[in-house]
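Hi everyone, thanks for coming.

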Amino acid sequence: MALSAFELYSIGIGPSSSHTVGPMRAAGRFLESLREAGLFDDVARVQVELCGSLGQTGHGHGSDKAVVLGLMGEDPETVDTDTADARFHAVKETHRLLLGGLREVPLDGDDLVLHRRKTLPGHPNGMIARALGADGSVLLERVYYSVGGGFVVDEDALGADRVVQDTTPVEFPFNTGKELLEICARTGLPISEVMMRNELSWRTEEEVRSGMLHLWSVMDQCITNGFSTEGTLPGGLKVPRRAPAIHRALQQQVEPGYPIDPLDVMDWVNLFAMAVNEENAAGGRVVTAPTNGAAGIIPAVLKYYVKFVPGADEDGIVRFLLTAAAIGILFKENASISGAEVGCQGEVGSACAMASGALCEVIGGNPEQVENAAEIGIEHNLGLTCDPVGGLVQIPCIERNAIASMKAINAARLSRRGDGKHTVSLDQAMKTMRETGRDMSVKYKETARGGLAVNVIEC
């Protein structure tokens with residue numbers, strides 16, 4: 001396979017990789033298609049239909065805003081998160097859109113439709129983009145699928161959420177956890193070094209290292225932003241931001257003379273995860289890892305490593321992210337990281353497994369222990385449903401990231417106490433996750449039609 005860690009991790013805008021980042025990228029891809037076909041200057045109107053989970057929970061996930069910004073030429077990594085809401089509301093009020101940032105075209109409620117019942121055949125997150133000429137004829141129509149983690153494929157690449165199209169040769173290709181362990185056994189390399197050697201197919205080692213450290217800097221800044229931003233999260237639930245108050249309380253507890261609580265570390269990890277996910281829920285800048293709904297887990301566990309593990313350094317940060325990426329790629333290729341496809345086990349479960357294995361390596365675990373840690377991380381998230389209250393990435397998502405972060409640390413420590421031998425392999429756990437998702441009722445797959453979403457009334 002050929003999938004870079006920098007494709008798995010991407011810098012984007014909250015609150016959802018599949019419902020926000022993906023649709024924005026799809027809209028941008030549609031603009032590119034118009035330009036490539038020489039049709040951009042002939043467009044008199046654009047229409048977009050969001051189907052399946054995108055339509056059912058799109059308002060709560062900001063999918064409509066993402067599409068509008070994407071059609072205006074914005075990209076998830078660089079869009080100004082401080083002005084995004086105002087620009088979206090201006091389009092809604094004026095019913096005028098600056099297509100590609102260059103040409104003004106009309107856009108009203110009939111042009112951007114969120115279907116509650118319509119689903120496209122390729123994936124639960126389907127989107128139809130259409131450009132019309134002055135006479136109302138269709139100039140170009142494209143179907144896109146947002147398949148999780150911000151990845152987007154068109155209708156000609158159905159199934160490409162698990163079949164990577166990049167044919168770049170890498171030094172150590174692997175498709176399963178078993179193959180990855182065999183490479184480590186044959187070469188004597190840790191998992192992070194296997195990933196590093198593969199990354200050299202696209203970048204120099206220094207570029208990989210600096211890129212990973214940049215990703216960490218964005219994650220760490222997101223944590224800091226979550227510490228300092230007071231207020232209430234957007235949406236009808238009126239969920240208060242809790243991270244600032246928790247941060248103040250924990251800072252007081254490190255002052256001289258304050259009673260020592262050995263479990264304070266748990267509070268810090270909870271705080272790290274919640275800070276990130278509150279930023280994500282507010283539409284802030286986050287790193288998709290591997291999704292936005294689960295974006296707090298890897299930063300929280302990596303921050304735990306940096307703050308609380310003796311000897312933590314930049315090399316460890318790079319190794320952590322590379323190891324997590326190797327595990328995430330296995331989930332992307334063999335199961336799913338899409339909540340709309342397999343429930344939250346595909347998002348929080350995958351992120352928990354990635355963080356578990358990554359932490360295990362940087363605290364001294366061998367490849368077998370790392371694989372064991374990742375297996376523990378997913379095994380105890382199997383069957384986890386995606387049932388966001390009000391269609392918002394807030395309840396239960398924010399606390400769920402905190403709990404999964406602690407679960408990841410526990411999995412890493414538990415595996416380090418063993419010898420790497422265990423009954424259930426990571427490959428078997430991933431297969432089980434995929435089959436469980438297939439059997440799961442659609443109402444538990446990011447549709448806000450089951451679970452907490454129907455038993456907690458949005459105010």
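So, which strand does Val 138 lie in? Val 138 is in strand E7, residues 138–148. Before going further, some ground rules: what you see is a predicted model, where local features need pLDDT of at least 70, side-chain atom pairs count only at pLDDT 80 or more, and totals for chains, interfaces and linings use all residues. Residues are numbered from 1 along each chain as its sequence is written, and side-chain values use heavy atoms, with hydrogens and water left out. Helices (H or I, at least four residues) and strands (E, at least two) are DSSP runs, numbered from the N terminus.

Setting aside its neighbours within four places in sequence, Val 138 is in contact (heavy atoms within 4.5 Å) with Arg 130, Ala 131 and Leu 132.

Now the bigger pieces. UniProt, in an unreviewed entry, lists "domain: Serine dehydratase beta chain" for residues 4–156. That span is 34% helix and 30% strand, and its end C-alpha atoms lie 22 Å apart. The unreviewed entry also has "domain: Serine dehydratase-like alpha subunit" for residues 187–453. There we get 61% helix and 1% strand, with the end C-alpha atoms 49 Å apart. Keep in mind that such annotations may be inferred rather than shown by experiment; the positions use the numbering here, and feature names are shortened.

Let's zoom in on helix H8, residues 191–199. How many of its nine residues are buried? Seven, so H8 is mostly covered, where buried means under 20% relative accessible area, exposed over 50%, and partly exposed in between (1.4 Å probe, protein chains only). Among the buried ones are Ile 191, Val 194 and Met 195. The cover includes helix H1 (5–8), helix H9 (205–228) and helix H13 (314–334).

Next, cysteines. A disulfide here is a pair of cysteine sulfur atoms within 2.5 Å, and the count comes to zero. For Cys 344, the nearest cysteine sulfur belongs to Cys 386, 5.4 Å away. Cys 344 is buried, at 8% relative accessibility. Cys 352 is in no disulfide either: the nearest cysteine sulfur, that of Cys 344, is 11 Å away. Cys 352 is buried too, at 0%.

Last stop: Val 456, in the segment after helix H19 (452–455). With a relative accessible area of 33%, Val 456 is partly exposed. That's my tour, thanks!
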